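This briefing is intended for reading alongside the sequence and the three-dimensional view. Please keep both to hand while working through the points that follow.

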Amino acid sequence: MQKKEKAGIIIWRFIYPVLIFFGVEILVESVFMYGHMFRLIGTGEYSFSDMDAMTKSLTDYIYGVSGYISVIRAAVLVPVFALFMKADEKRDMAYGRYVKYGPYKKTWLLILPVVGFIAAVGFNHMVPMLLEALQSFIHVLGRSVFGTDWNVDFFAKYNELSGIIYSGPVWVMVLSIAVAAPVLEEFLYRGLIFKRLRNYLKPVPSMLISAFVFGIMHGNAVQFVYAFILGIFMAFVYEKFKTIWASVIFHAGANLTSLVITLLLPEGGYTITLGAYMLLIVAELAVVFLLLKLVDVKVDRKPAVSQQKEL
């Protein structure tokens, strides 16, 4: 007889990985922050009587070492989340829902960084344009209908964070943005949250919910929209390939592309007409969807002939 799960346990299993993620992040940041604070006090540069200067110095310091913090956080959490994913397999066996899938052509994995690259370029172009249009619409709506200025700035928090994320030595940025972040985030949002959702929901709602959580955890409008869209794609890739490394490869390709664009694109970007810009976006996104359609058609992992028996 198949076991039944309690609703409270099901909900808790979606919550605790996120709590662990934030707990480790706070712990690592605290170690860096207090270490720096005591160093400043020891050198006599600041004292507790000058708390404003101390706070600013600590904030600037944490921003400056954010890449190192990201790498350490991943080093701590990736093995933990890998154990959780392994435990999920045993749990699925116990509840009679474990499925072992047959082989697939691993050469199809090679297309994923290409899709990630084009998707990153296309949505880096599209998302800011959409949010700028939405900002203008809100401003006009407030003034014309309610007679007041509704000044919404979707980019303030992102611009502040962007200066943090894309700072420091290049090798640290590559390691944190293109390696540590993709592995850790895919293990959490696809390997745990999406995979657990799939035990109870169909693919599309599971993709949407996990992508929403992935987006909202970024904490600002620009990254929310960008991460939400790419989160759907990464969940789709994971669903098709049935391996977490497929979505990791896609994610790494997208993140590395964003890093290269930020580091190499001239300040202010290139001059291009609005019509040409929109055509470029349409072309980029068309290629992304065509490649994903190709993956959908060509990659179809079937359950293995000998299935795991219910325990």
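Helix α9 gives the most to the nonpolar patch, with 4 residues. The model is a predicted one.

- Two or more residues of the patch come from each of α6 (170–197) and α9.

**Largest nonpolar core**

- In soluble globular proteins, nonpolar side chains tend to be buried together.
- The largest nonpolar core here comprises 66 residues.
- F81, F123, L230, F241 and F250 have the most contacts inside this core.
- At least two core residues are supplied by each of α1 (7–43), α3 (66–94), α4 (111–146), α6, α7 (203–216), α8, α9 and α10 (274–298).
- The element that gives the most to the core is α8, with 12 residues.
- Not counting residues up to four places away in sequence, F81 touches P17, I20, F21, L184, F187, L188 and L192.

**N255 in helix α9**

- N255 is located in helix α9.
- With a relative accessible area of 14%, N255 is buried, because this value is under 20%.
- Beyond residues up to four places away in sequence, N255 touches I177, A178, A181 and P182.
- N255 and F117 are 138 residues apart along the chain, yet their C-alpha atoms are separated by 8.1 Å.

**Loop between α8 and α9**

- K242 is placed in the loop between α8 (221–241) and α9 (244–264).
- Most residues other than glycine have a negative phi.
- K242 has a phi near 60°, a positive value in a residue other than glycine.
- K242 is partly exposed, because its relative accessible area of 27% falls between 20% and 50%.
- T243 is also found in the loop between α8 and α9.
- T243 has a relative accessibility of 16% and therefore counts as buried, the cut-off being under 20%.
- Leaving aside neighbours within four places in sequence, T243 is in contact with Y104 and Y238.

Notes
Residues are numbered from 1 along each chain as its sequence is written. This is a predicted model: local features need pLDDT of at least 70, side-chain atom pairs count only at pLDDT 80 or more; totals for chains, interfaces and linings use all residues. Side-chain values use heavy atoms; hydrogens and water are left out. Buried means under 20% relative accessible area, exposed over 50%, partly exposed in between (1.4 Å probe, protein chains only). A nonpolar core is a set of buried Ala, Val, Leu, Ile, Met, Phe, Trp, Tyr and Cys residues joined through side-chain atoms within 4.5 Å. Contact means heavy atoms within 4.5 Å.
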